[in-house]
Amino acid sequence: MTRMTKLSLACSTALVAMGGAVAAQTITIGITQNNVGVDSYQTTYEQAFIAAAEANPDVEVVVLDAGGDVARQIAQIQDLIQQEVDAMIIWPTNGQAVIPAVREAYQAGIPVIITNSNIAEDGFDFVRSFSGPDNITQGARAAEIMCERFTDMGIQDEAQIVQITGQPGYTTAIERAEGFEQRLPEVCPNVTLMESQPGNWNREDAQRVMEAFLVQYDDIDGVYSGDDNMGVGALNAALAAGRAEDITFVGATNFAVGYDAMERGEYWGSIYQSPVDDAEAALQTALDILAGEDVPFLNYFDTPKITQENMGEFDRPVF
Amino acid sequence: MQNETLKRLIKNGAIWAFIVIQLVFFEVAGRWWSLSDSAFMDLDNMLLLLKQSAPIGIIAIGMTVVMINGNIDLSVGATYALAGIVMLDSMNWPFMEAMGDAAIPLAWLFALFTGAILGLINGVIVWKTGVDAFIVTLGAMLGYRGLVFMYNGENPTYHLNWTMVDFAEADILGLQTPALVFIAVVLIVWLMMTRTVHGRNAYAIGDNREAAVNAGIRVGPHIVVNFVLIGFLAALSAVAFYSGSGSVNPNDGMLFELWAITAVVLGGTKLAGGRGSIIGTLGGVIAIQLLRKGLGHIGADTETVNLVIGTILIAVLFLDRQLNRKGAEELKV
């Protein structure tokens, strides 16, 4: 939380103490995020979330970050229950391990909204809504982008590709890989996926993984990365090896670096997903639920395909 | 003489004084900055604190014993993850599934056994090769983590059993199971270190290994026992935590070794061995968790926690150094 927020919180708390009437209408929403600072998507998400909350005078937010640690996130959920927040938004570090903690919140009567990446089905009974992107569709759309490109190039029957996945155990990573691996044989049955390795949502890790792939395989026609951050890492490795020309790079979650690489013609396509939309959708879902409105359980926001061909229709991502 | 008593008081009491300062600070600051109406020093909140301290706390208690010995164990985080995986995965085995809920205690036993075996491997290598424990367990840290990834690739290992979760969330006098396990471990190991021959030998070996050998202490087997103990405790920590969460990420437990060592050092245990206390480590563990919880309570940035703990760690080591100096440079009290 920024110093400004803290200051404004201190002021508003003082105000609340002075006028009880105001206090009755203020809504407190707690959020525990996966790992702020690991990439610009999560950092922008946090900023957008705080900005959206500040713009609404009736809302106060407790913003926490689990730092990627499951145990710490469970502790934070318990702390938020203890603080008796009106609603809780969780960006799970592990879609399964948080289920018992989510049940505790449910038993305490606190509505839980899952954001960005969903928890496993066993926990659906304790969650009011999921707000976020449809990651399986994203993986499937990435497979379509890659297949269409190979068809245009006329290599749809011989192309060999590799995949760089996100952080192990993370639902988004698993779902995108699943969507991609299911859809690819349907649209391009003769394209071979030679190997998948985790790049941990990290550009340097992805670069190392790609360097190893380049040594291992003489012929790579395409790389699918779980997000553009890793995709650009892979691109850098291929550029250093002088082999980027022959490779079609497709990612997901279009980052500014990916957008720029597409503009330069080095990177082919991605999925456009805005963290600002993501954060605002999560907060709005929580507010709608508290207002007693009917909110669908899977509250997806749309994430369209973006390639070198149609990128003019999209603004450059801010992160 | 009075000086000596005062010094010892500062040494052993510093961590508790720090805890009291934190409590007062977060209570007062919480009135202004916290969005919550409930007090920070609420009884429920303090009981919750003990539960949240348990995963690293149980490991830190074992680490204290090993460090008093003059050794160190960097493989505890990987052991923790591997024990968790064995526990949850074993419940998916056909014969275990057939047993229903009766399989739960058996799964716990498998996990504890795994931890003890991994500890035994570390201990025997340290004993028989004479290679420094730092290097041996650094290798084990990488090796055991490799096993974690071999077990289930990059996927989480998952088995949600609500009976087990209910057991983990059950409470006696407001203390949930992990907190009770933590308290029991503190008590038992404290008794072991202060009331038994094994405990006294641990200090003797850490203080002066050669003298301990000359005094007829069988140093090798003694060290092995302590490594088995810390492996067992790392697995116990996994049992207490994963019973309540039901899913292990392959990179769970990373950096646990460093948090455990930090807690132990904060509690006044000497890195070189020979001195330290279980109760001091309990203080170190509580201080770290209190800081995390308190900074969250007043709405501060979560990253501040690491900065503050790092600063305090260096301050503690500096204080320790000053207190142990003799002569002109000695700390004046």
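The centres of domain 1 of chain A and domain 2 of chain A, taken over C-alpha atoms, are 32 Å apart. Domain 1 covers 3–133 + 275–302 and domain 2 covers 135–272, bounds that come from an automatic or database domain assignment. This is a predicted model, in which local features need pLDDT of at least 70 and side-chain atom pairs count only at pLDDT 80 or more, while totals for chains, interfaces and linings use all residues. Residues are numbered from 1 along each chain as its sequence is written, and chains are lettered from A and ligands numbered from 1 in the order in which they are written.

Ten residues of domain 1 of chain A are in contact with ten residues of domain 2 of chain A (C-beta atoms, placed from the backbone, within 7 Å). On the domain 1 side, four of these residues are nonpolar, five polar and one charged (nonpolar: Ala, Val, Leu, Ile, Met, Phe, Trp, Tyr, Cys and Pro; charged: Asp, Glu, Lys and Arg; polar: the others, Gly among them).

The largest nonpolar core has 92 residues, of which B:Ile59, B:Met87, B:Ala111 and B:Ala260 touch the most other members. Such a core is a set of buried Ala, Val, Leu, Ile, Met, Phe, Trp, Tyr and Cys residues joined through C-beta atoms within 7 Å, where buried means that 20 or more other C-beta atoms lie within 10 Å of the residue's own. Helix H11 (residues 219–242) of chain B supplies the largest share of this core, 16 residues; helices are DSSP runs (H or I, at least four residues), numbered from the N terminus. Another core, of 88 residues, lies apart from it and includes A:Phe150 and A:Cys188.

Definitions and conventions
Contact = placed C-beta atoms within 7 Å. Buried ≥ 20, exposed ≤ 12 C-beta atoms within 10 Å, placed from the backbone. Helix = DSSP H or I, 4+ residues; strand = E, 2+ residues; numbered from the N terminus.
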